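Visitor: Please take me through a close look at one pair of packed helices. I would also like to see what surrounds them.

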Amino acid sequence: LTSGSKEDISRFTSDVFKDSALTGTSTISMKYIVSSIMIGTHVILDEMNIPNEVICSDILSLYNKFEKYETLDDMKKALIQELKIISEGISAQLKDYNSNIIKEAKKYIKENYNNQISVQKVADSLNYSANYLNNLFKQETDETILEYITRVRMKKACDYLSGFPEMKVYEICKLVGYSQESYFRSLFKKHIGCAPKEYRGLVK
């Protein structure tokens, strides 16, 4: 369900009903099995703080829905449909949840780019592990946290270079969070395409 894969749902449901056919499970028994599966989905919804009524009807309505089916084939089709609806709801919820995490990470970086921040510090501020947050950030934005930090810092450096012509490069270096000017110059040339002084001359 949490993978959002319709193929996985169809495969899972097919396996459930295939096993029932092999063991000669009656239609009445399958209704109990299907009901147990639906209870399991509601447990998942509760654990993820997803309102049941947003994704599917209440559990009693689901029981009644499956109660009316007389054949295993009809019950199988109905179960696949219900699980797909729930899976889509979970996927949407996860997307919103992940989006909020990324927003908070970016907010922290923008507010602290001038300090000695790291992936670990960003993760600590949000109470996640560094590996989890960095992987999620890469998955959602197509860049790592460190790449994003560098991009924010380079943008700020460009703003200082163009907006404050009297400011020295070493001063700007410190203002955007770097302690070593040589490293800052190297990064700037790599990301912007020219040295800081050259950039200042181009934007005059």
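Guide: Start with helix H5, residues 72–112, and helix H8, residues 145–163, in this predicted model. Their axes come within 10 Å and cross at roughly 40°. The crossing of H5 and H8 is right-handed.

Now look at who touches whom. H5 brings Lys106, Ile109 and Lys110 to the contact. H8 brings Ile145, Tyr148, Ile149 and Val152. Sort these residues by class, and you get five nonpolar, two charged and no polar residues.

Next, step back to the core. In soluble globular proteins, nonpolar side chains tend to be buried together. Here the largest nonpolar core has 33 residues. Ile109, Phe184 and Phe188 have the most contacts inside this core. Ile109 is also one of the H5 residues in the contact with H8.

Which helices each supply at least two residues of this core? They are H5, H6 (119–126), H7 (130–141), H8, H9 (169–175) and H10 (181–192). H8 gives the largest share, nine residues.

Zoom in on Phe184. Leaving aside residues up to four places away in sequence, Phe184 touches Met154, Ala157, Val169, Ile172, Cys173, Val176, Tyr178 and Pro196.

Another core, of 15 residues, lies apart from the largest one. Among its residues are Val16, Met30, Val34 and Leu79.

Key: Residues are numbered from 1 along each chain as its sequence is written. This is a predicted model: local features need pLDDT of at least 70, side-chain atom pairs count only at pLDDT 80 or more; totals for chains, interfaces and linings use all residues. Side-chain values use heavy atoms; hydrogens and water are left out. Axes are lines fitted to C-alpha atoms, for helices over the stretch in contact, and angles run from 0 to 180 degrees between N-to-C directions. Helices (H or I, at least four residues) and strands (E, at least two) are DSSP runs, numbered from the N terminus. A crossing is left-handed if the near helix is turned anticlockwise from the far one by less than a right angle, and right-handed if clockwise. Contact means heavy atoms within 4.5 Å. Ala, Val, Leu, Ile, Met, Phe, Trp, Tyr, Cys and Pro count as nonpolar, Asp, Glu, Lys and Arg as charged, and the others, Gly among them, as polar. A nonpolar core is a set of buried Ala, Val, Leu, Ile, Met, Phe, Trp, Tyr and Cys residues joined through side-chain atoms within 4.5 Å. Buried means under 20% relative accessible area, exposed over 50%, partly exposed in between (1.4 Å probe, protein chains only).
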